[in-house]
Amino acid sequence: MLRFVLGRLVRILVQVFCVVTLVFLLFRLAGGDPVTLLLGPDATPQAAAQLRHEMGLDRPQLVQYGDFLLHAVTGDLGESTSYSQPVTAVIVQALPPTLSLMLLSVVSAVVVGVAAGLLAAFRPHGWFARGSLLLWVALLAVPNFWLGMVLVQVFAVQLQWLPAIGYENPASLVLPATAIAARLVALIARLTRSTTIEVLGEEFIATARARGVSPARLVVVHALGPALPHVLTMIGLQAGYLLGGAVVVENLFSFPGMGSLLLSAVSGRDYPLMQGITIFFVGGFLIINLVTDLVASRIDPRIRLGAGA
Amino acid sequence: MTRSLDRRSLLLLAPSIAALGGLAACGFSGGPSSSPGASGSGGAPTVPDLVYAQSVPISSLEPSGKQPQAYPAGYEAAFAIFSGLVRFTPELEIEPELATEWATSEDGLTWTFTLRTGVTFHDGTTFDADAVVPYFTSMLDAKVNLSALSLWSPISKVIKVDAQTIEIVTEEPYGGLLNTLAHGSALIPSPKSVGGKDFALNPVGAGPYRMATFKPGSELRVEAFDGYHRGRPAYDSITYRYVGDPAGRLAALRSGQAQVVDAVPVEQVDTLKAAGGIEVIEEPGLQVFGVGLCLTTPQLQDKQVRQALNHAVDVGSIITAVFRGHATAMTSPLAPNTTGFVDCGAYDFSVDKANQLLDEAGWAVGAGGVRAKGAQRLSLKLRTPDGMYPNDVRVAQVIQEQLKAVGIEITIDKIDKSAFWDSIKVPKADVDFDMVLFGYNPSHGNGAIQLDALYRTNPSETTTIPQWNFQWYSNDAVDDSITAGQHAVSDSAKALEPAQKAIWDDCPYLWLYVKNNIVAHSTKVAAPVVLPVVFTLPSRSE
């Protein structure tokens, strides 16, 4: 077990290293000069050259890359050029909003999705099951930014119940989290429904039924267990969607999190910040997957970790 | 077995819910809660805590150096926190701020400023010559003043005469001095705060509002400064909040989360005007847009061809169709509100005239309807940024269509907005474009400085262009007239008239339009001052 975790962590490090190297190269190939953007239209070429020198951008790229790696190993991601602050400090400020948004999205998606899936499985031919199937397809088809815009129009502009932008109080989380969670709810509900229906068809369920266990108890107690590992694995797989959704939805709601930060870093050609955010995003994605794998194996011992996993 | 699994999964969920609660408790801003609809209660005509949703984030505040970032958001907030010696009126005239009066010497080289007495900075430091002279002197240093040195370089020294009097001495007469002093780079910080490590995050000035909280990139909150020399400002606090998405800004305004928003998209103006409780302010700005015609391109070296382009494009239809009327056609290389502006007439839209000029220049319609002269085809590459200016790519596409009608083939070369400036600031040999859609906003409002930046002959062909003459235009008479305009302490329009008329006639641009600045505000607050220099200043609602 420990060996498995250590092995996966080493692989995560290698993967993060590869992606960061790629990002380092790609961002520089994309063109654009942070200095021109920082100094604005009235700056002299001398001032630009001087700032470029101060920022170390006049050194050969290989030297800049080596320098970045050396510092990154010690946990120093450099100084953000647009914020004039250490990259880690800028990222630490943006993490809590994004983490709370992610957590709320995932937790509410699991609660709502599993409940809806179980209900649908309970009476697979009832009106709820039929109606909800349609709703899930709709939720899967709707892009999160569009859903976000509709939610803002209805709940912020028309009804004025919830804030349209920002991150001020728990209410600020509701609309963006709904926009992100909608797709997850649909995926989780469908998955829960199908695995539960499958389990309900197995022999031990028939036995339990014969022993007089109530149908509700059957679904909740006997069928939920086998469904959960699948749900967890899927959340791991959807981590990419969550992070990508954060970029789109955070921008839509002017939510001061990692997604907004990434956009501003890219448009300002803030190389150190872009590299730092990449490390967090890629690392986060891989660690979420590791954790969901571990948890799933914990819940369902049939899932084997280790060799080749 | 199943039961224990259940419990385990619940145990797994519990910490994440707890963590969520913890984050929510510590993560939110301590600012005033601006729950929608709560504003304006008690029948008060104004909202005490104003929220201004800005289209650009403020990442750092420092009047000198590379800050305040970014433009114009940083300056808008800087004008609330700091004061300068003089300031712009909404008509772009100069009025006293921390200087009460000023005078110029006979030779125009020495300016004497009398400083206001009884002014203190937010930290209690007294404002006097010692707060101005060392700071302005440092702004003459290329190592300190990174972003606006071209505005300051005509100054040779700043002298303290006595505690309330300073002199600014220039090498040559400098007509743009007052514009420079009204510019964001001339805002004066408290001498005690300068050079501090966190100055960019915690600035101290003598403006109407003092710094309260600052989250770079997302939100800046300032609070009323009771000691402001014009008296306590209108609001208890102003929050500058970054809302990059135009739809988000409008939603914030309509839901009552913000009272002022800038950069309203032209498509939304009518909807907003129809909505209750919202006023739209629309003023012609200073930012001029055109398509630079590169004189490095052989086909464009002929003035007749460049003039033909100006006749072939219907600027009026671009303004109506793409900007829904929220722009003005140019009649000079400068916008009408810019100091020194002279009306130079107009190139009337006439396909016949354009065809005639092209025929005369020897370009006959050839294969595929594209004009050609010998082996040369009138096929040009138009570079445009994508997303830097309002509707930039659409404007380029309209121009492409309209030029097709007179036998000119245009290929559009879209460049990411962050890489755009870099792609046109190159040495002459590296020019890889024929035409460039470009917009210039003179944040100083001074025509001489603008013409100098855009049309003065570049000093060297082997180095990167120093300013914005990317089309490598060169006309000695124009250079002389620009110099005269820069030296003209009064009536710069007269000195700049020859330059503007010659440039207008030479057509180093396909002249397009002057953009309107469109700002919207809730009727619960007074109209903010909107300077033509693209600044929205709720701190100065007058």
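Predicted model: local features only at pLDDT ≥ 70, side-chain atom pairs only at ≥ 80, totals over all residues.
Chain A is divided into domain 1, covering residues 11–73, and domain 2, covering residues 89–308. The centres of domain 1 of chain A and domain 2 of chain A, taken over C-alpha atoms, are separated by 35 Å. Where the two meet, 13 residues of domain 1 of chain A are in contact with 13 residues of domain 2 of chain A.

On the side of domain 1 of chain A that touches domain 2 of chain A, the elements giving two or more residues are α1 (2–29) and α2 of chain A, and α1(A) gives the most, with 8 residues. By residue class, this side of domain 1 of chain A divides into 10 nonpolar, 2 polar and 1 charged.

## The contact between chains A and B

The contact between the chains takes 59 residues from chain A and 63 residues from chain B. On the side of chain A that touches chain B, at least two residues each are supplied by α2 (34–39), α3 (45–54), α5 (87–122), α7 (144–158), α10 (215–237), α11 (239–252), α12 (258–267) and α13 (271–299) of chain A.

## Helix α12 of chain A

Of the 10 residues of α12(A), 7 are buried, so this helix is largely enclosed by the rest of the structure. The buried residues are M258(A), G259(A), S260(A), L261(A), L262(A), S264(A) and A265(A), and they pack against α5, α11 and α13 of chain A. The helix is followed by R269(A), whose phi is positive, near 50°.

## A four-stranded sheet in chain B

In chain B, 4 strands form an open sheet in the order β4-β5-β7-β6, with antiparallel pairing. β4 (99–104) and β6 (155–162) of chain B stand at the edges and have a single partner strand each, so one side of each is left without a neighbour in the sheet. Neighbouring strands of this sheet are turned by 20° against each other on average, direction ignored. Helix α3 (residues 129–139) of chain B packs on the sheet, where it touches β5, β6 and β7 of chain B, and its direction makes about 165° with that of β6(B).

Strand β5 (residues 110–115) and strand β7 (residues 165–170) of chain B pair in the antiparallel sense over 5 bridges, and W111(B) stands opposite I168(B) in β7(B). On the other pairing, β6(B) and β7(B) are joined in the antiparallel sense over 6 bridges, with K157(B) opposite V169(B) in β7(B). These strands, β6(B) and β7(B), form a hairpin with 2 residues between them.

## Loop residues of chain B with positive phi

L92(B) has a phi near 70°, a positive value in a residue other than glycine, and its place is in the loop between β2 (86–88) and β3 (94–96) of chain B. With 17 other C-beta atoms within 10 Å, L92(B) is partly exposed.

R324(B) likewise has a positive phi, of about 45°, although it is not a glycine. R324(B) lies in the loop between α9 (315–321) and β13 (327–329) of chain B, and with 14 C-beta neighbours inside 10 Å it counts as partly exposed.

How values were computed:
Residues numbered from 1 in each chain as written. Chains lettered and ligands numbered in written order. Contact = placed C-beta atoms within 7 Å. Pairing = 2+ DSSP bridges. Axes fitted to C-alpha atoms, helices over the stretch in contact; angles between N-to-C directions. Buried ≥ 20, exposed ≤ 12 C-beta atoms within 10 Å, placed from the backbone. Domains from an automatic or database assignment. Nonpolar A, V, L, I, M, F, W, Y, C, P; charged D, E, K, R; others polar.
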